[in-house]
Amino acid sequence: MGSMTNVSRRSIFKIVGGIGAGLALGCVPLRAAERSDKKGVVFAPNEYITVGPDGIVTVTITRSDMGQGIRTTIAMIVAEELDADWNHVRVTQAGAGSKRVNGGGTGGSSSTPGLYNNLRKIAAGSRQMLVEAAAKQWGVDPSTCHTAAGKVFNASGKAISYGELTAAASLMTPPADAKPKPRSEFKIIGKSKSRVDNLDVVTGRAIYGQDVHVDGMVFAVVSRRPAIGATLKSFDATATKKVSGVIDAIQIASGVAVIATNTYAATQGRDALKVEWDNGPNAELDSKQVSSKMRAALGEHTEMPAGAKVVEASYEFPFLAHATLEPMNAVADVKDGSCTVWTGSQAPTGAQQQVARQLGIEASNVTINVPLLGGGFGRRFMHDWVSEVVEISKAVKKPVKLLYTRDDDLRTDFYRPAGIRSFKGAISSSGEIVGWSGLAADSAGGRGGKGRVGKPAIPYDIPSATNQQAGAGIAVPTGAWRSVENSTNNPAYECFVDELAHAAGKDPVAFRQALISDPRLKHVLATVAEKAGWGKALPAGHGMGVAVFKGYGSYAAHVAEVSVKGDAIKVVRVVCAVDPGIAVNPRGVEAQIQGAIIDGVATALKVSITLEKGLAAETSYFDYNWARIGDAPKTEVHIVESGDNSPGGMGEVGYPSVIPAIANAIAAVTGKRARKFPIKVSELV
Amino acid sequence: MAVYKLSVNGVERSVDAVSDMPVLWVLRDMLGLTGSKYGCGVGSCGACAILVDGEEVLSCQMSVKDVGKKRITTVEGLSKNGTHPVQKAWLQHDVPQCGYCQSGQIIAAAALLKKHPRPTDAQIESALSSHICRCGTYQRIREAIHTAAGLAVGGK
């Protein structure tokens, strides 16, 4: 029973190769590759598209899907320009292998904007080859033919399906410069499509890294440091080895790996392990020290003009864990001179190079297979778990499945850095901003070094603004978290602008509009105010707050309605207007915005990582108590396309204005301001 | 170690396991049923939910020795091909994002609808309160459960 295999599952992992590692996605050439099989010729004009003799179009997905729906988005873009029949479109996932590559990483909201034009051109070229093949068969001019839903039609109404053209199209010369459709002819882009993975998800067939099965694999968990920077002194595995199912316990770079015939035995074996650590230089580090070190690093504000009304405020943000519901995990099979890894990675080529360096082998001998990712949010760039599983597989000479248990996952994260933003602003007698000084300090440990976070990107035209940044040099590993530096900067800017509006005695929406010149930002702000009913009468104890964000080529504005009763804050309703340029899949845009609102509710009101004795105190969702269904406000998403001809990013843009909209709404109810997140009524000032 | 005979998705399966092994790991590591997910192992996230005699149970919190003759249904056993009313509603509303929590949410919704065929929002929020969706699909979950309630009543 224990070694039961699942053939259909493994067939999903038929490895998709990769293009040469050095080949940027922007210059993937068209090529008329063809291969014969029993059923006929497959038309494979380029790395992204194949058309089978059965008419099935298979699109190779060169980005990782962590819930943002990129597999569907890419398939839609290709299907549009290919004029494919959407019902005949399938996807196959690229990882990092010897040929095709999931390169460049999936993050920074870059996938859709980065791939859009190139994919359209490539698909349009492929369509043209099919048209030329059909025209040749008919002996007509290709310009008299057209395509729709997987068929080429000629002027007299005859049709040939793409599946019937695969052999002939493979002999056509790829066009040098195919022309994508004008937007007015779109049939698929801009029309909501269901996710290509949905049926697999709801039936439990979808395969995540944690679900990968490799014959002969063993299971591992790692006993980890009790404080950041601690080093292992010794361990005693006598009791561990008596646990039924435990195979071995070995020292690795990050601790002691317990290897067993199943996950439960591995965790039981870890519980029985005796490990001695030198707790190291951070053994007494706690959140209070982090806070005071950041405050000390802030520096001095610039002078405010004499005679103006001066407003001062600071906002403190905690470390945040990514807490993807699927914790970090991987299967690795290290063989002599090669290695295969299955893992949810946001940057498989990065993982490939890391593994190659670790094992001292060529990257071309390392294959990274990418199943679905059970959430990402920036965590799956780091590949610390890949190092571990490769180290363990190499040692035990077997395929190994490594699991970060939830406590491991929360305590071994590369957190969103903690940070403090401090402001001084000056308002003239006519209510104009005449001074703005911003100071930013971040915990700035690990890879989130000084300068990474805290770049001024105020969405407003404030000529007097100065912003400075500093790092506090705290040794807590940090990394990218949804919207990266904007996750702290924009909430701070938008809370402070709200305080300035209040000091100026002006309406927060009108005050902002007067500071904005960008028409797209003005438009989302006006739209959200209208849709939310800004200014309307609300029940007692309710208030509305507004905030905006621009970035990643997109624009967002949120209005939150909250109620405050005693110590209880409830986000009742959140309205968002978002301008993504082009919404390739509107339902996908809506999902991203709804999800970002929940992230905003969770991080405005509920979660933080607190350090105690050099380690995160939180170990599960009981204490890292993410927003649950009862916390979820009613949401409304209004997509406004203000005429831009390329799509902006959508993963990050929905988050940075949620927290300030909530905080500003709380201020509207209570007259008090948040200085620290997550917000507690008792800490409002 | 002992041999346990379990009824899983209508099929009798036997496993050789330690008595305190959580059902989650029996399903995932021994029976190859990976639809039920590990999210926390301590009952804080709901990703591992299964039906035991029709009631929702967090499978990380139930030992294999305690199953006895009770019938286990996992997300794989809800229907042959996504045709359970809850699955149909989930598809209709495009509920999943990353999808990792959804088998647990679907199981919870199926158990809820057995008890309350026309649940209120408050009943939904209470029944699904032990479940985390880290992508934030809650609004679509609520809508899909109302749709599923209609499908279950109208379609059977």
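**Entry 1: Thr527(A)**

I started with the surroundings of Thr527(A): leaving aside its neighbours within four places in sequence, this residue is in contact with Ala577(A), His638(A) and Val640(A). A reminder to myself that I am working on a predicted model. Next I looked up where Thr527(A) belongs, and it sits in helix α14 of chain A. Is Thr527(A) buried or exposed? I found 20 other C-beta atoms within 10 Å, and the cut-off for buried is 20 or more, so Thr527(A) counts as buried. I also checked Ile639(A), which is 112 residues away from Thr527(A) along the chain; their C-alpha atoms are 9.6 Å apart.

**Entry 2: α13(A) against α14(A)**

Staying with α14(A), I turned to its pairing with α13(A). The two axes come within 10 Å, and I noted a crossing angle of roughly 170°. Angles over 145 degrees count as roughly antiparallel, so that is how α13(A) runs relative to α14(A). I put the handedness down too: α13(A) passes α14(A) in a left-handed crossing. Which residues make the contact? From α13(A) I listed Val509(A), Arg512(A) and Gln513(A), and from α14(A) I listed Lys522(A), Leu525(A) and Ala529(A). Sorted by class, I get three nonpolar residues, one polar and two charged for this contact.

**Entry 3: α12(A) against α13(A)**

Then I went to the other pairing I had for α13(A) (residues 508-515), the one with α12(A) (residues 486-504). Here the axes come within 9 Å and cross at roughly 110°. The range of 65 to 115 degrees counts as roughly perpendicular, which means α12(A) gets that label relative to α13(A). On the α12(A) side I wrote down Val497(A), Asp498(A), Ala501(A) and Ala504(A); on the α13(A) side, Pro508(A), Phe511(A) and Arg512(A). The class count is five nonpolar, no polar and two charged residues. I marked Arg512(A) in my notes, as this residue is in the contact with α12(A) and also in the contact with α14(A).

**Entry 4: chain A against chain B**

Last, I looked at the contact between the chains. How many residues does each chain put in? I have 51 from chain A and 52 from chain B. On the chain A side, the helices that each supply at least two residues are α5 (198-202), α7 (263-271) and α15 (586-605). Which helix gives the most on that side? That is α15(A), with seven residues. By class, I noted 22 nonpolar, 21 polar and eight charged residues for the side of chain A that touches chain B.

Terms used
Residues are numbered from 1 along each chain as its sequence is written. Chains are lettered from A and ligands numbered from 1 in the order in which they are written. This is a predicted model: local features need pLDDT of at least 70, side-chain atom pairs count only at pLDDT 80 or more; totals for chains, interfaces and linings use all residues. Two residues are in contact if their C-beta atoms, placed from the backbone, lie within 7 Å. Helices (H or I, at least four residues) and strands (E, at least two) are DSSP runs, numbered from the N terminus. Ala, Val, Leu, Ile, Met, Phe, Trp, Tyr, Cys and Pro count as nonpolar, Asp, Glu, Lys and Arg as charged, and the others, Gly among them, as polar. Axes are lines fitted to C-alpha atoms, for helices over the stretch in contact, and angles run from 0 to 180 degrees between N-to-C directions. Angles under 35 degrees count as roughly parallel, over 145 as roughly antiparallel, 65 to 115 as roughly perpendicular and the rest as oblique. A crossing is left-handed if the near helix is turned anticlockwise from the far one by less than a right angle, and right-handed if clockwise. A residue is buried if 20 or more other C-beta atoms lie within 10 Å of its own, exposed if 12 or fewer, and partly exposed in between; C-beta atoms are placed from the backbone.
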